[in-house]
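Please open the model in your viewer and keep the selection tool at hand. The tour below goes from one selection to the next and says what is there.

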Amino acid sequence: MRKLFQADLINLGEQLIQITTLVHAAMEKAYTAFDTTDLQLAEEVIAADAQIDRLQVELDEKAIELLALQGPVASDLRMIVGALRMSTSLERMGDLARHIAQLARMRYPDRVAPDALHPVFDKMAKLTTQISARLITLLETRELHLVAEIHALNEQLNDLHASVFTIVAAEDWQQSPATSVDSSLVSRFFERYGDHAVAVANKVDYLVTGSWDSREH
């Protein structure tokens, strides 16, 4: 029974990696669809989100079953509860990528944001995918220096998010109300994606160290 239980714990970790990999790909594709007005790619991202949702439900159901039937203690309990909480953040990251794809679909064949904001969004997109790529490696290796790197990348993302609001609120901003809302939403989706990734990274830190204090990098 103990060997089966340990195998189940390993499988939970593998499922988290699988979901994170899908979430990473979703954001890459969503931004490409957003940037190039690729309607077919936007539709693919929107449809693929159902797989992320399904995997989250499967992971959560297995984790709850282990809690109910195995009575785990100490580090095993942290792993199961941590997996439950991480899966929620990862599912939200998938939703945020889907939201960007949905905006691309809604405004097709036009671009969602004006040309002036695309350099900022390019930087934000690169940061989000760098963050989720490091998150995959963190889940695979438990190398905690990656937590600090994710935090640092997210700080850059937060600064860019603030800059978008400064641009949209400036007196020389001449775009329509709809464009202003769309641009603000896209920036917010990127920013929240990074925040959820940080939340997952912090939980991995906790799983490894057993201390919430050490998650501050």
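Helices here are DSSP runs of H or I with at least four residues, strands are runs of E with at least two, and both are numbered from the N terminus. This is a predicted model, in which local features need pLDDT of at least 70 and side-chain atom pairs count only at pLDDT 80 or more, while totals for chains, interfaces and linings use all residues. Residues are numbered from 1 along each chain as its sequence is written, and side-chain values use heavy atoms, with hydrogens and water left out.

Begin with the whole chain, coloured by secondary structure. The protein has 6 helices and 0 strands, and from the N terminus the order reads α-α-α-α-α-α. Along the principal axes, the C-alpha atoms fill a box of roughly 65 × 35 × 25 Å. The radius of gyration, taken over C-alpha atoms, is compared with a globule rule of 2.2 Å times the number of residues to the power 0.38; because a compact globule of 217 residues would come near 17 Å, the 19 Å of the protein agrees with it.

Next, switch to a surface view. The accessible surface, from the Shrake-Rupley method with a 1.4 Å probe and, for residues, only the protein chains shown as cover, comes to about 10300 Å², of which 54% belongs to carbon and sulfur atoms. Of the 217 residues, 48% count as buried, where buried means under 20% relative accessible area, exposed over 50% and partly exposed in between (1.4 Å probe, protein chains only).

Now select residues 18–103 and 122–204, where an unreviewed UniProt entry places the feature "domain: PhoU"; such annotations may be inferred rather than shown by experiment. Within this selection, residues 122–204 are 88% helix and 0% strand, and the end C-alpha atoms of that stretch lie 28 Å apart.

Then go to valine 204, which is in helix α6 (residues 177–209). Is valine 204 buried or exposed? Valine 204 counts as buried, because its relative accessibility is 1%. Leaving aside residues up to four places away in sequence, valine 204 touches Met86, Leu138, Leu139 and Arg142, a contact being heavy atoms within 4.5 Å.
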